[in-house]
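The tour moves from stop to stop, with a selection at each one.

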Amino acid sequence: MTAKEKMALPAQPMPEQDPKVRAHNMDEVALGYSEEQAKAEASRCLQCPTKPCMQGCPVAVNIPGFLAKAAEGDFAGALSAIRETSLLPAVCGRVCPQERQCQKFCTMGKALKDVGKAVAIGRVERFCADWARAKGGCGEGAAQAPRTGKRVAVIGTGPASITCAADCARAGHDVTMFEAFHKAGGVLVYGIPEFRLPKSIVQAEIDGLVKLGVKVETNFVVGRTRRLRALMDEDGFDAVFVGTGAGLPKFMGIEGENLVGVFSANEYLTRANLMKAYEEGRADTPFWHGKRVAVLGGGNVAMDASRMALRLGAEKVYLVYRRSEAEMPARIEEVHHAKEEGVEFHVLQNAKRVLDDGSGRVGGLECLRYELGEPDASGRRSPVAVPGSEFTLDVDTVIVAVGNGSNPLIAATTEGLEVNKRGNIVVDPETNATSIPGVFAGGDIVLGAATVILAMGEGRKAARGINAYLEGGK
Ligand code: FAD
Ligand code: SF4
């Protein structure tokens with residue numbers, strides 16, 4: 001087929017649940033391509049010799065290579081090509097911000113002047129992973145090296161840790177993961193909701209690790225249950241990976257934030273997802289069922305919290321964001337889905353104070369209108385408050401989703417571990433080695449709140465660092 005003929009092929013739409021129905025259930029919104037759709041979408045790839053899409057992928061997945069195989073219906077071959085660099089295709093295919101990464105650079109999207117018409121790389125990636133899982137495997141691939149007798153402790157079980165654990169186990173090391181929560185998976189289980197990322201997919205990855213011989217210890221808070229140094233000095237671990245993420249919620253610092261009915265998005269989503277509060281009558285988790293909810297923020301966390309509030313019975317959900325929609329950091333698809341489901345967007349507005357209903361509970365939210373000024377250090381135009389523009393939103397619940405910082409516990413309990421002024425662990429960019437010999441770190445605890453694919457890439461890099469360190473006989 002010529003390039004011109006390929007350009008005329010229609011982009012395959014993602015089958016989805018009806019917005020009116022899905023806004024009240026927890027099932028996955030995007031239903032996934034059929035085999036025919038996956039092949040048709042993959043066939044749109046122009047096989048550009050310069051592979052611009054790969055430059056946009058943080059782990060440089062061989063995109064034209066896997067699309068060529070998928071176009072022929074060789075989904076197992078496509079998955080093997082993806083897995084050469086990415087360990088979590090079922091997850092990344094669903095949650096990566098493709099429109100800012102691979103798809104942003106796709107020639108097809110550029111030629112058709114619409115990033116939405118770029119080859120749907122993530123959707124085909126997801127299809128290949130789901131296809132393999134349905135056939136009883138994740139396409140694990142790489143064989144395991146002979147046992148080395150070396151022991152690696154991996155702290156945390158998010159995407160950085162999952163990847164690091166897999167690569168260290170494949171190198172023949174004896175790996176144990178330590179997780180503070182009662183369930184492994186990090187943000188993939190406690191933060192990102194079921195309707196976006198089914199938990200069975202994350203569990204399949206954890207099960208794959210267990211099959212590789214990785215031990216998973218839950219309810220184990222390193223820094224409290226056991227200190228990091230004790231893992232090395234007393235428990236005999238030869239190397240440690242710290243992948244503890246960025247789970248410390250930030251607040252606005254405004255009046256009324258301590259009222260009953262104000263939550264961090266982290267707490268709200270953890271109760272709802274990990275603690276299954278949506279399974280009313282079956283889960284014991286106490287939950288605040290707000291009827292009129294304001295969510296503060298414009299990222300994926302804010303979208304997840306507002307869509308979760310709808311599913312948990314809110315009649316009105318307002319998303320309050322101080323910049324314009326063009327500056328929202330959330331994935332375009334999540335913004336689109338939130339709007340379709342009925343979340344009301346209030347852009348260029350921001351919370352000024354939370355009002356007391358007279359009994360210590362949320363009685364409303366006073367907001368200010370904003371305008372966009374000059375670009376700030378991030379390159380985004382900074383919002384400027386319009387004096388005297390105050391107005392009140394009638395809400396009984398406020399969810400704060402304005403960012404997360406690094407959890408300070410490990411740094412505070414590990415002498416000699418260097419962190420920067422934001423509390424992120426400082427590492428060697430080549431090996432992810434920290435200031436303590438034998439201790440490596442990666443993911444959000446190093447980068448600050450980032451993305452799944454970046455965390456995964458960091459875990460992989462750290463595993464290479466650990467494997468080289470252990471090979472050196474240290
Ligand atoms: P995490 O996934 O945060 O995992 C860290 C784990 O370490 C946690 O399980 C934690 O309990 C555990 N832990 C912490 N301290 C200790 C300790 N002392 N001892 C033992 N265990 C400990 N990214 C995307 O790419 N796309 C998205 O759509 C997207 N949506 C998101 C939605 C939400 C609600 C959130 C919160 C984040 C989202 N992200 C998204 C960001 C992404 O999930 C993170 O960048 C990624 O999960 C970071 O991975 P990680 O392995 O570094 O840490
Ligand atoms: Fe295919 Fe788009 Fe990548 Fe070109 S840029 S190789 S069309 S996915």
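**Stop 1**

Start by selecting N219, in the loop between strand 3 (215–217) and helix 14 (228–233). Helices (H or I, at least four residues) and strands (E, at least two) are DSSP runs, numbered from the N terminus. The phi of N219 is near 55 degrees, a positive value in a residue other than glycine. Most residues other than glycine have a negative phi. With a relative accessible area of 52%, N219 is exposed. Buried means under 20% relative accessible area, exposed over 50%, and partly exposed in between (1.4 Å probe, protein chains only).

Before moving on, a note on what is on screen: this is a predicted model, in which local features need pLDDT of at least 70 and side-chain atom pairs count only at pLDDT 80 or more, while totals for chains, interfaces and linings use all residues. Residues are numbered from 1 along each chain as its sequence is written, chains are lettered from A and ligands numbered from 1 in the order in which they are written, and side-chain values use heavy atoms, with hydrogens and water left out.

Now select A60, in the loop between helix 4 and helix 5. Its phi is also positive, near 50 degrees, in a residue other than glycine. A60 counts as partly exposed because its relative accessibility is 36%.

**Stop 1: ligand 2**

Which residues surround ligand 2? Select C45, L46, C48, P52, C53, I63, P64, L67, C106, T107 and I121. A residue is near a molecule if one of its heavy atoms lies within 4 Å of it. Colour helix 4 (52–56) and helix 5 (63–71): these are the elements that give two or more residues to the shell. Helix 5 has the largest share, three residues. By class, the shell around ligand 2 holds ten nonpolar residues, one polar and no charged ones. Here Ala, Val, Leu, Ile, Met, Phe, Trp, Tyr, Cys and Pro count as nonpolar, Asp, Glu, Lys and Arg as charged, and the others, Gly among them, as polar.

**Stop 2**

At least three core residues come from each of domain 1 (3–134) and domain 2 (151–247 + 405–471). The domain bounds come from an automatic or database domain assignment.

Stay on helix 20 and pick G465, which is found there. G465 is buried, with a relative accessible area of 8%.

**Stop 3: the largest cavity**

On a 1 Å grid over the protein atoms alone, a cavity is a set of points where a 1.4 Å probe fits but cannot get out; a pocket is an open set with protein on both sides within 12 Å along at least five of seven lines; lining residues have an atom within 4 Å of a point. Grid points are joined across faces, edges and corners, and a volume is the space filled by probe spheres set on the points.

By this rule there are five cavities of 30 Å³ or more. The largest cavity has about 110 Å³ of space. Its lining has 13 residues, and C57, V61, C96, C102 and E125 lie nearest its centre. Helix 5 and helix 10 are the elements that give two or more residues to this lining. Helix 10 has the largest share, three residues. The lining of the largest cavity has nine nonpolar, three polar and one charged residues.

**Stop 4: the second largest pocket**

Select E99, Q103, R123, R331 and E333. Of the 32 residues lining the second largest pocket, these are the closest to its centre. The pocket holds about 590 Å³ of space. Helix 7 (89–95), helix 10 (121–134) and helix 17 (332–341) each supply at least two lining residues. Helix 17 gives the most, five residues. By class, this lining has eleven nonpolar, eight polar and 13 charged residues. Domain 1 (3–134) and domain 3 (251–402) each contribute at least three residues to it.
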